[in-house]
Amino acid sequence: MTDATNDNLTGHHPLHGSEKGFVHVVPLRLLLAVWAALMVLTVITVGATWVDLGCLNLALAMAIATIKASLVGLYFMHLRYDKPFNAVILVGSLVFVMLFVIFALFDTQEYQPELIPGHAPMIEQ
Amino acid sequence: MAGEAAADGGQGHEHAAFLAHHFETPKQQFESGKLGMWLFLSTEVLFFGGLFCAYAVYRANHPEIFLYAHKYLDSWLGGINTAFLICSSLTMAWAVHCAQRGQQKRLVQMLALTLLFGCCFLGVKYVEYSHKWRDGLLWGTRFDPAYAPGEHGHGAEPHGGQGSADVQQSEAAGHDPQAGGGAGSSEPEGDAAAAAADAGPAGGPAVERTTLPEPGRGPSGLAVRPGRSGEPVGHGILERPSNVHIFFGIYFTMTGLHLLHVLAGMAVIGWILVRSAKGHFGPDYFTPVDLVGLYWHLVDLIWIYLFPLLYLIH
């Protein structure tokens, strides 16, 4: 009934990947392991707020969030086993968002000294 | 090749029923669908990227607002929501796994569980939003807090009474005499202890509040400046900075848009659930389950970043 693997319509596609189908199936154990890692990382993220590292707190939170995002992307979203172009699309969009944010931050810091005093508290008057 | 495909399609093989005529193999069709989905997801990333940019700019320029206002949010609720979404991502990926393995019954169960976790997320969101609505922690001119941050959970008692054990209260109360002395213009508008002095009765709502910054206040927040009693204020959290409503504008826009995405995702998952129950999916055709899963994982991804940025500011 499900002859997809054996029925090569064009005759030139060799089988690759899992025997059961035409695409890799992520093993259930791996899914559960990733889930467990994500839960642990969430606990760590919340716990890290009770430790005061100054400006490192934000960097640490973002680093942990990026690890979690990578786990979700690689395993849940199958990027680890897909053709690399899918990952290129995702990473590319993130790169452009980062460019967006970085340039906006550069810009906004640039004009701070010219703003009305008293409304830019981070800049020395 | 096209002739071969047409001939096989005519024989009624199950997989061929789902194979569109412009694709050569189911694998190619599946990968094309996935590519299209990833392109859509990249537009979603850019969509939220704009909001993250707004967040970054405001937080860089006015960290005191974020430091102050984020205490109104409950990290535990946020953390529980994160856990719910992570669990829903697991069940969604599991559902795709079941579809690929042809496990029909479990596929339906996993999709139903994903919806259940989504509903749990919605429930917590409802609790959070309703509390904020009740306590006046809203956007723009609707920002009208019933209490200072850190006091929630004690019942939103208007802190017109000064008996609160909160350190903030006693510090703020220390500034009362000066506030009464000034023409009200030097007092932060939300400080209901002073507002009570203005309004008379120990009740918040009677006071006319504005979110417009008073003229001539000078720097606010973390910048050290003499308090009204002549001593340096020191830590900016003890006194409410101006324009705190901006935090809530950003908060509601980001979480609200995310909420809309969750709702849309749940609707689509519901549709997939119905189709799964009808047995539309199997190892030869599971593309819709996979693609909806990708969307759902992205919704989870966005929340993974929203949570620390909004709830866990330090």
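Reader: What conventions apply to the model and its numbering?

Author: The model is predicted: local features need pLDDT of at least 70 and side-chain atom pairs count only at pLDDT 80 or more, while totals for chains, interfaces and linings use all residues. Residues are numbered from 1 along each chain as its sequence is written, and chains are lettered from A and ligands numbered from 1 in the order in which they are written.

Reader: What makes up the secondary structure of chain A and of chain B?

Author: Helices (H or I, at least four residues) and strands (E, at least two) are DSSP runs, numbered from the N terminus. On that basis chain A has 3 helices and 0 strands, and chain B has 11 helices and 0 strands.

Reader: How do you know that the span of α2(A) agrees with its number of residues?

Author: The expected span of a helix is 1.5 Å times one less than its number of residues. Helix α2 of chain A, residues 56–76, has 21 residues and should therefore span 30 Å; its end C-alpha atoms are 29 Å apart, which agrees. For α5(B), with 27 residues, the distance from first C-alpha to last is 39 Å, close to the 39 Å expected. A residue with positive phi follows each helix: His78(A), near 75°, comes after α2(A), and Gly102(B), near 80°, comes after α5(B).

Reader: Why is α5(B) called largely enclosed?

Author: A residue is buried if 20 or more other C-beta atoms lie within 10 Å of its own, exposed if 12 or fewer, and partly exposed in between, with C-beta atoms placed from the backbone. In α5(B), 20 of the 27 residues are buried, so the helix is largely enclosed by the rest of the structure. Buried residues make up 42% of the 314 residues of chain B and 23% of the 125 residues of chain A.

Reader: Why does Ala83(B) count as partly exposed?

Author: Ala83(B) belongs to helix α5 of chain B. Ala83(B) has 18 C-beta neighbours inside 10 Å and therefore counts as partly exposed. Two residues are in contact if their C-beta atoms, placed from the backbone, lie within 7 Å. Leaving aside residues up to four places away in sequence, Ala83(B) touches Met39(A) and Thr42(A).

Reader: What covers the buried residues of α2(A)?

Author: Those buried residues include Ala61(A), Leu71(A) and Phe76(A). Their cover includes α1 and α3 of chain A, together with α5 and α11 of chain B.

Reader: Why are α3(A) and α3(B) called roughly parallel?

Author: Axes are lines fitted to C-alpha atoms, for helices over the stretch in contact, and angles run from 0 to 180 degrees between N-to-C directions. Angles under 35 degrees count as roughly parallel, over 145 as roughly antiparallel, 65 to 115 as roughly perpendicular and the rest as oblique. The axes of α3(A) and α3(B) come within 9 Å and cross at roughly 20°, and the two helices are therefore roughly parallel.

Reader: What makes α3(B) roughly antiparallel to α10(B)?

Author: The axes of α3(B) and α10(B) come within 10 Å and cross at roughly 160°. That angle makes α3(B) roughly antiparallel to α10(B). Among the residues making the contact are Leu51(B) and Tyr55(B) of α3(B), and Ile250(B) and Met254(B) of α10(B).
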